[in-house]
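I opened a notebook on this structure and wrote down what I looked up, entry by entry.

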Amino acid sequence: MASPAEPSVEEAVALYAAGFFPMDDDEDDAGPLPFYAAHERAILELDAPSRAALRRRVRRSLRHGEQRGWRLVRDARFAEVVAACARPREPNDGVWITPRLAGLYARLHARGFAHSFEVDDGGELAAGLVAILLGRAAMLESMFHRAPHAGNVLLAQTVDALALDGFALCDIQLTTEHTTRLGAREIPRRQYERRLRAALS
């Protein structure tokens, strides 16, 4: 059961459907779990040419994954993926997936809204990401990798899997230098909300 500072599953789903995303602060968790709506929202396009361009950009990684026999699996190690995503990448990094946000992801997972996409390396978890799936909209919340190339393979194969399943929107919230190189782009909030409504209808 959610505490007063944590949204219920229904409240969280409504916030996602309205274009908001959560990002907590481990040093300021006294108030409600914060949700944000960025002025510019980062997306990865799911049309065939965009996905082909992404695969070309990570072709060395894909070849490496084929040689290793990596497989894309879903929801095999959801809790482990969330825990790995919550760990700071660098010693001075802050933590935004706090215990209460991880708890929200767990409740969303139990209700079928939160999922993990994972790269399996012979029974070992090489990379993983947490996604919220609503209608035909996918919100990729956070990802990590433990092996070289695994993050690129995970992203390319997840995008292909989403397209195959009929998804129309792949939201990654904010761009990084790396995701920009892979083809991510920012669109204005109003355009994002129009595309989100269409994907949810």
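Entry 1, an exposed proline. I looked up P91 and found it exposed, with a relative accessible area of 77%. The cut-off for exposed is over 50%, so P91 qualifies. I placed P91 in the loop between helix 4 and helix 5. I then took the C-alpha to C-alpha distance from P91 to R197, which came to 39 Å. In sequence P91 and R197 are 106 residues apart. I note here that the model is a predicted one.

I counted eight helices and nine strands in the protein chain. For the extent, I took the box filled by the C-alpha atoms along the principal axes, which is roughly 50 × 35 × 30 Å. I also compared the radius of gyration with the globule rule: a compact globule of 201 residues would have a value near 17 Å, and the protein chain has 16 Å, so the two agree. Of the 201 residues, 46% count as buried. I looked at contacts between residues at least 6 apart in sequence, and 72% of these join residues at least 24 apart.

Which residues have the most contacts inside the largest nonpolar core? I found Y16, Y105, L108, I132 and M139, in a core of 30 residues. At least two residues of this core come from each of helix 1 (9-17), helix 4, helix 5 (99-110), strand 6 (124-134), strand 7 and helix 8 (189-200). Helix 4 gives the most to this core, with five residues.

I noted a second, separate core of 29 residues, with V58, F117, L129 and L182 among them.

Rolling a probe the size of a water molecule over the atoms shows where empty space is left. I read off a volume of about 880 Å³ for the largest pocket. Its lining has 30 residues, and R89, E141, S142, M143 and T176 lie nearest the centre. Which element gives the most to the lining of the largest pocket? I found that strand 7 does, with six residues. The elements that each supply at least two residues of the lining are helix 4 (78-86), strand 7 (137-145), helix 6 (150-164), strand 8 (169-173) and helix 7 (177-181). By class, I listed 15 nonpolar, 11 polar and four charged residues in the lining.

Most residues other than glycine have a negative phi. I went through the exceptions I had marked. D75 is not a glycine, yet has a positive phi of about 60 degrees. I located D75 in the loop between strand 4 (71-74) and helix 4. Q173 is not a glycine either, and its phi is positive at about 70 degrees. I found Q173 in strand 8.

Is each of these residues buried or partly exposed? D75 is partly exposed, with a relative accessible area of 28%. Q173 has a relative accessible area of 4%, and buried means under 20%, so Q173 is buried.

How values were computed: Residues are numbered from 1 along each chain as its sequence is written. This is a predicted model: local features need pLDDT of at least 70, side-chain atom pairs count only at pLDDT 80 or more; totals for chains, interfaces and linings use all residues. Side-chain values use heavy atoms; hydrogens and water are left out. On a 1 Å grid over the protein atoms alone, a cavity is a set of points where a 1.4 Å probe fits but cannot get out, and a pocket is an open set with protein on both sides within 12 Å along at least five of seven lines; lining residues have an atom within 4 Å of a point. Grid points are joined across faces, edges and corners, and a volume is the space filled by probe spheres set on the points. Helices (H or I, at least four residues) and strands (E, at least two) are DSSP runs, numbered from the N terminus. Ala, Val, Leu, Ile, Met, Phe, Trp, Tyr, Cys and Pro count as nonpolar, Asp, Glu, Lys and Arg as charged, and the others, Gly among them, as polar. A nonpolar core is a set of buried Ala, Val, Leu, Ile, Met, Phe, Trp, Tyr and Cys residues joined through side-chain atoms within 4.5 Å. Buried means under 20% relative accessible area, exposed over 50%, partly exposed in between (1.4 Å probe, protein chains only). The radius of gyration is taken over C-alpha atoms; the globule rule is 2.2 Å times the number of residues to the power 0.38. Contact means heavy atoms within 4.5 Å.
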